[in-house]
Amino acid sequence: MLIFIAVLMLNVWAISADEVLSSSINILEELGKIKTIETIMKSLETEMERLRTENKEQKENIRALETQLRDEMKKKDEEISNLILSQVELRKENRDREIAFSAALMDSGRGFIGPFTTEVTLTYKNVFTNIGNAYNPITGVFTAPLKGAYMFRVDVFGRSGIAAGASIYKNSERMVLAYDNQPQNDLNSSNGVVLILEVGDVVYVKLWPFAKIFDSEDNHSTFSGFLLFPLR
């Protein structure tokens, strides 16, 4: 742009000596042209300064946007990292909360257990499920691995003539009884309870005195439990 202006000025001044001396030269007209050129140059300089200022502002805006973008990307990366850590902790916590068991009395064969003159603890040996390994099929005792609300259920089956019954115990306290007694036909009863357990509390089933229950490969008599939700 400046080169173009310089060329234009040279063309204006490119007047021979003879022309200067000639009376046909209009001095005022030439001075007007010079002023016009000066005005154009000032306008161009003003426009160039405006463009330089605008370019500087654009560069500053771009740097600000880049900084903002980096900050947002860093924040997103931190959020993703925190989310991943939370998911890992949640999966770990959920694994700790996965507690459930279900078992039947006999792991093979068929037959009765009882009657006895006093209550005896039943051992449910045929384990279907024991997630968390909180139930011990050797002792018949469930031990709470964490504090929470648990659901337990007992099912008993018997033959007519002698009652069929069993109780769910928490530690040394009877909670519920499943009991049936009638002179004819099969005997069936079940009961369940929701218990609040502390870590180390035990739950088990005792056969009712002078009662007997039956089990076979059909798994009539069962004991089950699972964690509903943990408590703080």
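## Close-up views of a predicted model

**View 1. The strand β1 and its two neighbours.** In this predicted model, Ala 100 has Ile 131 of β4 as its bridge partner. Five bridges connect β1 with β4, and the pairing is antiparallel. The strand β1 also pairs with β13. Here too the strands run antiparallel, joined by five bridges. One place to look is Ser 102, whose bridge partner in β13 is Ser 224.

**View 2. How β1 is enclosed.** How many of the five residues of β1 are buried? The count is four. Buried means under 20% relative accessible area. The strand β1 is therefore largely enclosed by the rest of the structure.

**View 3. The largest nonpolar core.** This core has 31 residues. Which residues have the most contacts inside it? They are Tyr 124, Phe 142, Tyr 150 and Phe 152. Several strands give two or more residues to the core. Among them are β1 (100–104), β7 (148–158) and β8 (164–170).

**View 4. The surroundings of Tyr 124.** Leave aside residues up to four places away in sequence, and Tyr 124 touches Ala 103, Ala 104 and Leu 105, among others. Its contacts also include Tyr 135, Pro 137, Val 154 and Val 205. Ser 221, Thr 222 and Phe 223 are on the list too. Tyr 124 is one of the residues with the most contacts inside the largest nonpolar core.

**View 5. A cis peptide bond.** Most peptide bonds are trans. Look at the bond from Gly 114 to Pro 115: it is cis. Its omega is near 5 degrees. Where is Pro 115 found? Pro 115 is in the loop between β2 (111–113) and β3 (120–121).

**View 6. Asn 133, with a positive phi.** Most residues other than glycine have a negative phi. For Asn 133, phi is positive, near 55 degrees. Asn 133 has its place in the loop between β4 (126–131) and β5 (135–136). Is Asn 133 buried or exposed? Asn 133 is exposed, because its relative accessible area is 64% and the cut-off for exposed is over 50%.

**View 7. Asn 171, with a positive phi.** Asn 171 is not a glycine, and its phi is positive, near 55 degrees. The loop between β8 and β9 holds Asn 171. Its relative accessibility is 31%, so Asn 171 counts as partly exposed.

Definitions and conventions: Residues numbered from 1 in each chain as written. Predicted model: local features only at pLDDT ≥ 70, side-chain atom pairs only at ≥ 80, totals over all residues. Heavy atoms only, no water. Core = buried A, V, L, I, M, F, W, Y, C linked by side-chain atoms within 4.5 Å. Buried < 20%, exposed > 50% of the residue type's maximum accessible area, 1.4 Å probe, protein only. Contact = heavy atoms within 4.5 Å. Pairing = 2+ DSSP bridges.
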